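Biologist: Please show me the model, and then let us go through the words used for its side chains, one at a time.

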Amino acid sequence: MRAIWKREWNACFQSVIGWLFLAATLAFYFLYFYVYNLSYGYPYISYSLNAIAFLFLVTIPVLTMRVLAEERHAKTDQLLLTAPVSIGKIVLGKYLALASVFSAAMLVICLSPLLLGRFGTVPYAESYAAVLGFWLYGLACIAIGVFVSSLTESQVIAAVLTFVFLFLGYMMSGITQILSSSENLLTRILSCYDLTAGLDRLTNGQLDLTAVVYYISITALFLFLTVQSIQKRRWSVSIRKPGLGIFNAGFSAAAVAAVVILNLVADTLPTTLTNLDCTASKLYSITDDTKKILASLNEKVDLYVIANEDNSDEQLKSTLVKYEELSSDIQVTYVDPAVSPNFYQNYTTEQISANSVIAVCGERSKVIDYSDLYETSVDYQTYSQQTTGYDGEGQLTSAIQYVTNQEMQAIYEITGHDELPVSGRFLEAIEKMNLQLQQLNLLETDTIPQDCEAVIIHGPQSDFSKDDADKMIQYLADGGKVLITTQYTTEPMTNFKRILEEYDLQLQDGMVVEANEANYYQNPLFLLPDISYDTVTAEISDEYVFLPYAQGLLPTQEDQDTISYTKLLGTSDQAFLKTDVRNMMSLEKEDGDEQGPFTLGISVADTASQAQLFVYTSANLFTDEADQSVSGNNAALFAASIRSLVGEADTGNLIVIPVKPYTLESITIAQGTILLTGFFSVLFFPVLLVVCGIVIWLRRRKA
């Protein structure tokens, strides 16, 4: 077999075919790599791989058309068939030679994520899962081409038939949709030859073992059929021809049936066993927090999906399957709105979208509108709306917690001092914890309401009155829980500072400038603080949070008899404080600027009164604009702080699963680097391969 492999490998590169295949594959790949990954800055090479899947319709027929058809045309196949090597080894040797040519191109493609990684963050696991999928898809296409080449002695016919076979597999998903919008027996049979379905799954961020099994089994099947095709011709003059023909047909049918059964069995396995999530945001995984909640369920929860199951949202369906697999108390039911158009009115009077979900447990229910399952943003360059994240797990887990708990706890945000409203992802975090956020103007009440679990003071820009400050001080003395953010203002904040001073926290008048480049982003006022490990920061301790325009607290004091201080966020030793912000002429340190380090986030706990206080010195910390810059880490810190305030005993009911972003931040590459890389990868290297092939071919002709 090794000799056959070597002979076929040499044949590919002693003619132009092998060189042309490598050049075409790499030229087209690097063309899309240049556009998508280098120019547009997308960190996902799956975009480029998916874009060139059509290329196999042309290159694979050219690569495989001669492998067996030429042997038959030149009558050299008789030499092979009479050689002391089994037909299976002959076919495998020839196939492996062609697969090696293709694999050589894939080895070059494997270097592209490493190249891209020099300029920014690249999801390597996702990238190489996509490479694996593309490689397996190519190997299956080559096996089909080898089989077709065994059917004829004409290379042209072999190329045309291979194109037809591959085109049908490439277009099969569209063909089945045309035949029927809902799945039926015919479409299920035809879908067995959908060659791109597995590629889509493997380039979508998942290492899907069912797709791997499919491609391996398809490759093995067509190689087996190739052996049967040659075997039948080998004994065509035998007196046992009728019996042998029946034997071959039965063997082939059994092989097809075995492959179908194998894939059907693989499809029935739980997705928790067959799918490995390779995405950076774990888009297709269920978090440990959700697993704990589902494991602790002791009552049945019905999840009604307002959609026909065959036409329902695929990602939502996949998530719901995982929920059912993780808990026997979860029951998913699809309600076709065409059959039961008024079903949702049993739980809400508002109109809901198709694919919305209704969670029901006993008398409690919660509606998750389909629009809430996905996060969207507007591209202001094209004025088009884009889906940027998936919140299926976050919404479903929140709904399950809501319907299995009888009471909603209340937290209050203070108003009346030009505070920033809690909004966007931070409001969503509160809602996911099934907390009820209410506004509270201290001017209108004598005391903080009894049902208040925690208070948020979010960046006041005008001072508290003495009476308002006294109410907050008394609330804390009675064991209150408060989250405070501050915001730089030129107005005196005497009474507001008095709340902090009750716990020896000295808020500085001014804005922190960070001189250490590792601790800021683009601008020395855009801080990336050092994060101290604590239960509140555990989820983000190895990441970044973003604090634009922060004030500073003096270094944390020593713990007192009943009061303990935990520093959460801080500057480097090189930071300093600009006091006259409006008139500052430079971000360099000047005379009069106070030297750091400064505390930017702190937790205070009073064991005597049971009071708890979180202070963060930038109100911008808890805004969507800042949160998007660090992929949701600011929102995670906010949720962890609120969860800690509401009470450790209740944290099991306050889990927040953040929105899972679809993509990482774009990569920025210098224009000169883009052009130089594009020239060498798209033009120079492929042309060099073609020239090498032509030179070798001409030399052989002259020899």
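Biologist: What makes the charged end of R364 one that sits over the ring of Y402?

Modeller: The charged end of R364 is 4.2 Å from the centre of the Y402 ring, and a charge sits over a ring if NZ of Lys or CZ of Arg is within 6 Å of the ring centre and within 35 degrees of the ring normal. K366 also lies over the face of Y402, at 5.5 Å from the ring centre. Keep in mind that this is a predicted model, where local features need pLDDT of at least 70 and side-chain atom pairs count only at pLDDT 80 or more, while totals for chains, interfaces and linings use all residues. Residues are numbered from 1 along each chain as its sequence is written, and side-chain values use heavy atoms, leaving out hydrogens and water.

Biologist: How many aromatic pairs does a search of the whole structure find, and why is the pair of Y214 and Y215 called edge-to-face?

Modeller: The search finds 39 aromatic pairs. The ring centres of Y214 and Y215 are 5.5 Å apart and the planes stand at 65 degrees, so this pair is edge-to-face, given that rings of Phe, Tyr and Trp (its six-membered ring) pair if their centres lie within 6.5 Å, with planes under 30 degrees apart counted as stacked, over 60 as edge-to-face and the rest as tilted. Both Y214 and Y215 belong to a cluster linked by ring pairs, together with F21, F56, F102, F134 and Y137.

Biologist: How do you know whether Y215 is buried or exposed?

Modeller: Y215 has 1% relative accessibility and therefore counts as buried, since buried means under 20% relative accessible area, exposed over 50%, and partly exposed in between (1.4 Å probe, protein chains only). Y214, at 10%, counts as buried too.
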